[in-house]
Amino acid sequence: MKPQLLLPVALLVVAGCGKKDAPVPQAAEPAPPAKVADVSGLSTPESVLWDAEQQVWFVSNINGSPAAKDGNGFISRLTADGVVDSLNFVLGGRGGVTLNAPKGMALVGDTLWVADIDALRAFNRKTGAVVATIELGSQAKFLNDLVLGPDGTIYITDSGFLVSDAGAFSHPGPDRIFALKGREVSVAAEGAWLQAPNGITWDGGRGKYLVVPFGGNTLLTWAPGSATGDSIASGPGQQDGVEVLNGQVIFTSWTDSSVYVMDSTGMRKLISGVNSPADIGVDQVRGLIAVPLFMENRVEVWKVGI
C-alpha cells in the first residue's frame, strides 16, 4: 500500500462510522382474512366455482341427501359480489333437466360439467340449457369433485361412499379417479391409497394434480399414468375442497371447521369457524375464497391476503 493513500482511507472510515445505518424496509404483513359476503337461502351447498369470463359464482346445491336420486338438485348463480342472481339457474325437473345431488363442477369452454352421484351432467354456462349426460352406471359410487387438466381431460374423484335411507354413511369403495376425454370415461387411478378421495385440482407449480381425502389425512400429488400418489403433507383429516391460489395450496377440513393454507413455510389455519366447509371456489385476481357451508345452507366469501 502506498503511504499517501492512508489518510483518505482513514477519513472515509471515520466518516462512515459517524453515520447511522439506514433502516431496512420491512415487508408489510398480509391483512388477515375478512369475510366480504354471506349468502343464505341455499340448500346443502356442496361446491362453488368461479367463472372469470362472466364474473359470476356457480353453487351446486344437493338439496337433500348427497346420494339420493330425488331429481331436486339445483345450481345457483351469484354475482361477483356474492349476491344471488339466479337461485335456480339449473333446476332438476325443469326443462328436461335431470339433477339429483350435484357436487363438484368444472368449466370447459361454454360447458359447465357437474358430478351427480353416478353420472356427469353438462349444461351451457350462459343459459343453463342441457348439453349432455354421461351415465357411469355401476362403476361409479359417489362422484365428488371435478377438475379440467391442461391437456383438456376432465378428472373426477369417486369417494366410494354409500348412504343408507337413514342417512348413514359407509365406505365400501372402490376409491377411484375417472378420466373423461371427449365423451369417453375410463378409470385413471384406483386403490385404498386414495382414502376416499374428495377434492382434486391441478397444481401448475408441481406439474401434478392435488388430491385431498375425506377418509384420511394424507395430502397427495398424483400424475396420470401413476399407480399411486405421493404424500406431500398430513392434514387434520376429513379434507374436502382444494384449490391453488397464488401458488399456495388452500384446502378445507371438516375435522376442525377450518380452511388451511400450505406453502413453502408449512401449513397453517387461514380461516376458522366455518362449519362443514365443502368444495371451495377461488377468484385468483381478487384473492377471494368462497366456502360452501354444507350443513348451514350458506356460502361465505372471504378476502385473503395471499
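Me: What should I know before we start?

Reply: This is a predicted model, where local features need pLDDT of at least 70, side-chain atom pairs count only at pLDDT 80 or more, and totals for chains, interfaces and linings use all residues. Residues are numbered from 1 along each chain as its sequence is written, and side-chain values use heavy atoms, with hydrogens and water left out.

Me: Which residues sit on each side of β7?

Reply: T111, W113 and A115 are on one side, while L112, V114 and D116 are on the other, and both faces are covered. In a regular strand, side chains alternate between the two faces of the sheet.

Me: And which strands does β7 pair with?

Reply: β6 (residues 105-108) is joined to β7 by four bridges, antiparallel, and β8 (residues 119-124) is joined to β7 by six bridges, also antiparallel. Two strands count as paired if DSSP finds at least two bridges between them. To spot them in the view, look for M105 opposite V114, and for A122 in β8 as the bridge partner of W113.

Me: What do the turns look like there?

Reply: The β6 and β7 hairpin has two residues between its strands, and G109 in the turn has a positive phi of about 60°. The β7 and β8 hairpin has two residues between its strands as well, with I117 taking a positive phi near 65°.

Me: Switching to β17. Why would you call β17 largely enclosed?

Reply: Because five of the six residues of β17 (residues 208-213) are buried, the strand is largely enclosed by the rest of the structure.

Me: Which sheet has β17 in it?

Reply: An open sheet of four strands, in the order β16-β17-β18-β19, with antiparallel pairing. Its edge strands are β16 and β19 (230-234), each pairing on one side only. Neighbouring strands in this sheet are turned by 25° against each other on average, direction ignored. Those angles come from axes, which are lines fitted to C-alpha atoms (for helices, over the stretch in contact), and they run from 0 to 180 degrees between N-to-C directions.

Me: How many bridges does β17 have to β16, and how many to β18?

Reply: Six bridges join β16 (residues 197-203) to β17, and three join β17 to β18 (residues 218-222).

Me: Can we look at single residues? What does T218 touch?

Reply: T218 lies in β18 and counts as buried because its relative accessibility is 18%. Its contacts are Q195, V211, P213, S231 and A233, leaving out residues up to four places away in sequence. Contact means heavy atoms within 4.5 Å.

Me: What about V244?

Reply: V244 is in β20, and at 15% relative accessibility it counts as buried. It touches T201, W202, D203, L210, V282 and Q284, again skipping residues up to four places away in sequence.

Me: Last topic, pockets. What's the volume of the largest pocket?

Reply: About 470 Å³. A pocket is an open set of points on a 1 Å grid over the protein atoms alone, with protein on both sides within 12 Å along at least five of seven lines, and lining residues have an atom within 4 Å of a point. Grid points are joined across faces, edges and corners, and the volume is the space filled by probe spheres set on the points.

Me: Which residues lie nearest the centre of the largest pocket?

Reply: L49, V147, L148, T201 and E243, out of 21 lining residues.

Me: And the second largest pocket?

Reply: The second largest pocket has a volume of about 230 Å³, and its lining residues include E46, K103, F142 and W254.

Definitions and conventions:
Buried < 20%, exposed > 50% of the residue type's maximum accessible area, 1.4 Å probe, protein only. 1 Å grid on protein atoms, 1.4 Å probe; cavity = no way out; pocket = protein on both sides within 12 Å on 5 of 7 lines; lining within 4 Å.
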